[in-house]
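Please look over the sequence and the model before reading the points.

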Amino acid sequence: MRKTIKGAKLLLLIAGIILASCTAKDKTNMDDRLRINAIAVPAKKGWGYEIYVDNKLFIKQDHIPAISGNHSFAGKADAIKTANMVIAKMKEGKKPVLTTDELTRAGIHMAN
């Protein structure tokens with residue numbers, strides 16, 4: 001009978017450890033592991049942005065993504081808004097790319 005109780009306690013302990021490790025992995029996301037931030041940077045004819053992951057340059061974007069040509073953002077606010085959209089995709093585990101539809105829906109001014 002004592003061996004059965006010890007075996008049950010050991011089994012519960014192992015199950016608890018497995019459950020705790022699985023729960024910890026579910027709560028971990030990119031925010032917990034790495035610090036991501038963006039800054040607007042002056043470009044030739046307007047603004048661009050840089051995205052840093054863990055204080056290292058990850059993306060340098062001198063022009064508006066998804067449109068042909070090298071058109072800079074007209075304003076600093078549009079550059080930061082776009083950078084934050086890219087960061088949101090990165091945090092969701094998606095590729096850091098945007099479409100013209102996404103930029104249009106966000107109200108990004110693309111005629112520069």
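Along the sequence, the elements of the protein chain come in the pattern α-α-β-β-β-α-α. That makes four helices and three strands. The model is a predicted one.

**Overall composition**

- The protein chain has 112 residues, of which 28% count as buried.
- Its accessible surface is about 8000 Å², and carbon and sulfur atoms hold 59% of that area.
- Among the contacts between residues at least 6 apart in sequence, 48% join residues at least 24 apart.

**The sheet**

- The three strands form an open sheet in the order β1-β2-β3, and the pairing is antiparallel.
- β1 (36-43) and β3 are the edge strands; each has a single partner strand, so one side of each has no neighbour in the sheet.
- From one strand to the next, the twist averages 25°.
- β2 is mostly covered, with six of its eight residues buried.
- In a regular strand, side chains alternate between the two faces of the sheet.

**Pairing of β1 with β2**

- Eight bridges hold the antiparallel pairing of β1 and β2.
- The two strands are joined by a hairpin that passes through two residues.
- Ala43 has Gly46 of β2 opposite.

**Pairing of β2 with β3**

- The antiparallel pairing of β2 and β3 is made over five bridges.
- Val53 has Lys56, in β3, as its bridge partner.
- Ile51 stands opposite Ile59, which is also in β3.
- Two residues lie between the strands in the hairpin of β2 and β3, where Asp54 adopts a positive phi near 55°.

**Helix α3 against the sheet**

- Helix α3 covers residues 76-91 and lies across β1, β2 and β3.
- The helix runs at about 30° to β2.

- The whole structure contains four salt bridges.
- Glu50 and Lys60 form one of them, with their closest N and O atoms 3.0 Å apart.
- Glu50 is in strand β2 (residues 46-53) and Lys60 is in strand β3 (residues 56-61), so this pair ties together parts that are 10 residues apart in sequence.
- Lys60 also meets Asp62 in a salt bridge, at 3.7 Å from N to O.
- How exposed or buried is Glu50? Glu50 counts as buried because its relative accessibility is 10%, and the cut-off for buried is under 20%.
- Lys60 has a relative accessible area of 47% and is therefore partly exposed.
- Asp62 is likewise partly exposed, its relative accessible area being 35%.

**The Lys94 and Glu92 pair**

- A further salt bridge joins the side chains of Lys94 and Glu92, with an N to O distance of 3.2 Å.
- Lys94 counts as partly exposed, since its relative accessibility is 48%.
- Glu92 counts as exposed at 53% relative accessibility, because the cut-off for exposed is over 50%.

**Glu102 in helix α4**

- Where does Glu102 lie? Glu102 belongs to helix α4, which covers residues 100-105.
- Glu102 has a relative accessibility of 17% and so counts as buried.
- Leaving aside residues up to four places away in sequence, Glu102 touches Met85, Lys89 and Val97.
- Of these contacts, Met85 and Lys89 fall within the range of helix α3, residues 76-91.

Technical notes. Residues are numbered from 1 along each chain as its sequence is written. This is a predicted model: local features need pLDDT of at least 70, side-chain atom pairs count only at pLDDT 80 or more; totals for chains, interfaces and linings use all residues. Side-chain values use heavy atoms; hydrogens and water are left out. Buried means under 20% relative accessible area, exposed over 50%, partly exposed in between (1.4 Å probe, protein chains only). Contact means heavy atoms within 4.5 Å. Accessible areas come from the Shrake-Rupley method with a 1.4 Å probe; for residues, only the protein chains shown count as cover. Two strands pair if DSSP finds at least two bridges between them. Axes are lines fitted to C-alpha atoms, for helices over the stretch in contact, and angles run from 0 to 180 degrees between N-to-C directions.
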